[in-house]
Each structure stands twice: as structure tokens, then as C-alpha cells.
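We'll walk through it one part at a time, with the cut-offs spelled out along the way.

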Amino acid sequence: MAVYLLKTEPNDYSYDDLVRDTRTHWDGVANPAAQMAMRAIKKGDEAFVYHTGTERRIAGLAKIVKGAYPDPEHPGETAKGDPKRVLVDLAPVKAATKDATLADIKADERFAEFALVKQSRLSAMEVPPQLAAAMKKMAGL
């Protein structure tokens, strides 16, 4: 099982919205590198829901309930024959019980090469297993 980090602007769609809805499709990811990460997401994987904007923190943990599938709003294929854009469906698992902020993550040298730190505009990324465990602990998950 892999772990990913998916960013959202909490004013647009927050972890609390996911809890209320019980399940949603994750859309709006356009960056090619983020789409590569999205294409790799499988049912059963986990995802940190990360609030951007003024919060900049891990808001909760979600479970992928449907792996990557073509986004009907953005039809077409890449040069490799992959769907141009994909979506995943996720459901809430647990809200963070501790603040695990971007500042906390940046202050921890284990995260120096992590995409959240090095590619701050990337909206979807895989989290290496050792970092996923550290992030869960930081966020009380």
C-alpha cells in the first residue's frame, strides 16, 4: 500500500467537507508531474489531505476507494496513451489530532528532499514509506 499527499485549498474543499460527504472524487489536478502521481494511485492506498493557503498543514488521512480513472471533464490521452487527466475517489479515515504544519515538516531534516519541500506547488505526490510514518506521527494519525 502506497501513501500519497493531496493538496486542497480548505475554502474550496476541506477535510471536514470530505467527512461530511463520506466520499468524493479528487479533481482539479492539472500539473503533469502531479498527474503522474495521480495515475499511480490504487484502491487501498492512503492519502494525507493537506490544506494549503493560510493553514499549510496535514488535515487528515483518507483511504483511496477507487484508483485512478479518466476524468470525464478532460477527455483525451497523453503521448504515452494514458488518460490526459485522472481522478481518484477517496473517503475519510481520521482527522489529524495534532498540527503538522509545513513549517514543522521543513524543520525536520528527514524531509529535506521531499517533494512537499522541494516542489511546493505540486498538488499530488507519493510519500516515501519512512516519511509517511513520520508524518502520521507528527499529525497524530
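Helices (H or I, at least four residues) and strands (E, at least two) are DSSP runs, numbered from the N terminus. This is a predicted model, where local features need pLDDT of at least 70 and side-chain atom pairs count only at pLDDT 80 or more, while totals for chains, interfaces and linings use all residues. Residues are numbered from 1 along each chain as its sequence is written, and side-chain values use heavy atoms, with hydrogens and water left out.

Start with helix 5, residues 129-139. Its buried residues are Leu131, Ala132, Ala134, Met135, Met138 and Ala139. What covers the buried residues? The cover includes strand 1, strand 3 (46-51), strand 4 (57-70), helix 3 (102-107) and strand 6 (124-127), where contact means heavy atoms within 4.5 Å. Just after helix 5, Gly140 takes a positive phi of about 70°.

Now for the rings. The structure holds two aromatic pairs; rings of Phe, Tyr and Trp (its six-membered ring) pair if their centres lie within 6.5 Å, with planes under 30 degrees apart counted as stacked, over 60 as edge-to-face and the rest as tilted. Tyr13 and Trp26 have ring centres 6.4 Å apart and planes at 85°, so this pair is edge-to-face. Because Tyr13 lies in the loop between strand 1 (3-8) and helix 1 (15-21) and Trp26 in strand 2 (residues 24-26), the pair ties together parts 13 residues apart in sequence. Both partners are worth a click: Tyr13 is buried at 18% relative accessible area, and Trp26 is buried at 6%.

Helix 1 is also the place of Asp17. Asp17 is buried, with a relative accessible area of 16%, and touches Pro10 and Asp12, leaving aside residues up to four places away in sequence.

Elsewhere, the charged end of Lys66 sits over the ring of Tyr69, 4.1 Å from its centre. That label requires NZ of Lys or CZ of Arg within 6 Å of the ring centre and within 35 degrees of the ring normal.

Notes
Buried means under 20% relative accessible area, exposed over 50%, partly exposed in between (1.4 Å probe, protein chains only).
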